[in-house]
Each structure stands twice: as structure tokens, then as C-alpha cells.
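Me: Hi! I'm new to this one, could you walk me through it?
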Amino acid sequence: ASGGAMGAPLSAEQALSEAQQRAHAAARQIASQFSAGLTPGSLPTAPPMPAGMGGMYPPAGAGALAGRVAPRAWMQTEFEINDYPKTARWKVTSKDALLAITEWTRAAITTKGCYVAPGQKPPPGERKLYLLIEAEDASQLKEAKKEVKRLLEEASAYAAPEEQAGGRYKV
């Protein structure tokens, strides 16, 4: 760390405070440049880090504004899972299953809605349990939906008979 006013080393809190002050000054400079009509490509690079604090800045070009391109439109589809057996719903919404599908297909999968028992209607403002699948292109979307369906059907085949009938109790 660099020395303070008397040449004494700075404490971690002082070094952090100085770094925050430099960051705020840089943010003010960038804001004033934007108001002057400059583009992100013409912004200055980050100032050098003080000695002993290297590696805290992201790599060149990784900043929030560097090389920013308009976001691509994502495609999406919904896959209702409410009426599948409980074990199948658990299987497909587990963290491990969703992570595997996401890594393999590059599609984002979000569980939405709420479980609605057979013969019941969803509460006002709610929908039956479903998966929202989003991807950048149709092939990713198709592969993710196909894998979700495969997992559901596989888990449904192994579900207990009373689970498949839609309820635990018989009247």
C-alpha cells in the first residue's frame, strides 16, 4: 500500500476509502462525458490501481459499457407441468436438472405459477405450475423443451400408482 500523509502505510479501510473515492470521481467524469454527448467507445480506460491492489479491475473490455451491443431478442415458450406426478415435477424443477439442461442447451428455465390440485381452479391472478423456457434461437428452445419433456415422462413412468391417479386418498 502507498504511504499516507506522513509516509505511514495505509490501513485496509483507508485504502478502500481512497479506492472508493477514485471510483466515484471516475463515475462523475463518465457521467459528465455522457452528458457532453460522447459515446461509450470514446470513454477513457480505468485509472491504474495503487500499488499492492492490482487485479481488482475487470479485464480491458469487460466493463459495463465497453463493447456493449443491443441485447438480442430471446424466444420463449411455456411448458405446463402442473398435471404431472409430484415426483416428476420435483425431478424437472430440481436445481441439478435445471442446471444440466441450461448448460447443455444454453436456454434459461424458470419455474412459474403454483401447483393446483386436480379438479381445482388456480387462485385469482395465478396460473397452474409451468416452466418458462427462454433461449436465443429456436434450436436451443426446442432442445430444452425436448429434454424437459423427456425428464418428465421418465420420472412419471416410475411414479407410484396413487400419484399417477392424481391424488393420495380415495373416496
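Me: Let's start with a side chain. What joins Glu154 and Arg150?
Reply: A polar contact of 2.9 Å joins their side chains. A polar contact is a pair of N or O atoms within 3.5 Å; within protein, one must be able to donate a hydrogen and the other to accept it, and residues adjacent in sequence count only if both atoms are side-chain atoms.
Me: Before we go on, what sort of model is this?
Reply: This is a predicted model, where local features need pLDDT of at least 70 and side-chain atom pairs count only at pLDDT 80 or more, while totals for chains, interfaces and linings use all residues. Residues are numbered from 1 along each chain as its sequence is written, and side-chain values use heavy atoms, with hydrogens and water left out.
Me: Which helix is Glu154 in?
Reply: Glu154 lies in α4. Helices (H or I, at least four residues) and strands (E, at least two) are DSSP runs, numbered from the N terminus.
Me: How far is Glu154 from Lys91?
Reply: They are 63 residues apart in sequence, and their C-alpha atoms are 9.7 Å apart in space.
Me: And how do α2 and α4 pack?
Reply: Helix α2 (residues 86-93) and helix α4 (residues 138-157) pack at an angle of about 145°, with axes 8 Å apart. Axes are lines fitted to C-alpha atoms, for helices over the stretch in contact, and angles run from 0 to 180 degrees between N-to-C directions.
Me: Which residues meet there?
Reply: From α2 come Thr87, Ala88, Arg89, Lys91 and Val92, and they meet Val148, Leu151, Leu152, Ala155 and Ser156 in α4. Contact means heavy atoms within 4.5 Å.
Me: New topic: how many residues are in the largest nonpolar core?
Reply: That core has 19 residues, and Val92, Val148 and Leu152 are among those with the most contacts inside it. A nonpolar core is a set of buried Ala, Val, Leu, Ile, Met, Phe, Trp, Tyr and Cys residues joined through side-chain atoms within 4.5 Å. Its largest share, six residues, comes from α4.
Me: What does Val92 touch?
Reply: Leaving aside neighbours within four places in sequence, Val92 is in contact with residues including Ile81, Leu131 and Val148.
Me: Last one, how many helices and strands are there?
Reply: The chain has five helices and three strands, and from the N terminus on they run α-β-α-α-β-β-α-α.

Terms used. Buried means under 20% relative accessible area, exposed over 50%, partly exposed in between (1.4 Å probe, protein chains only).
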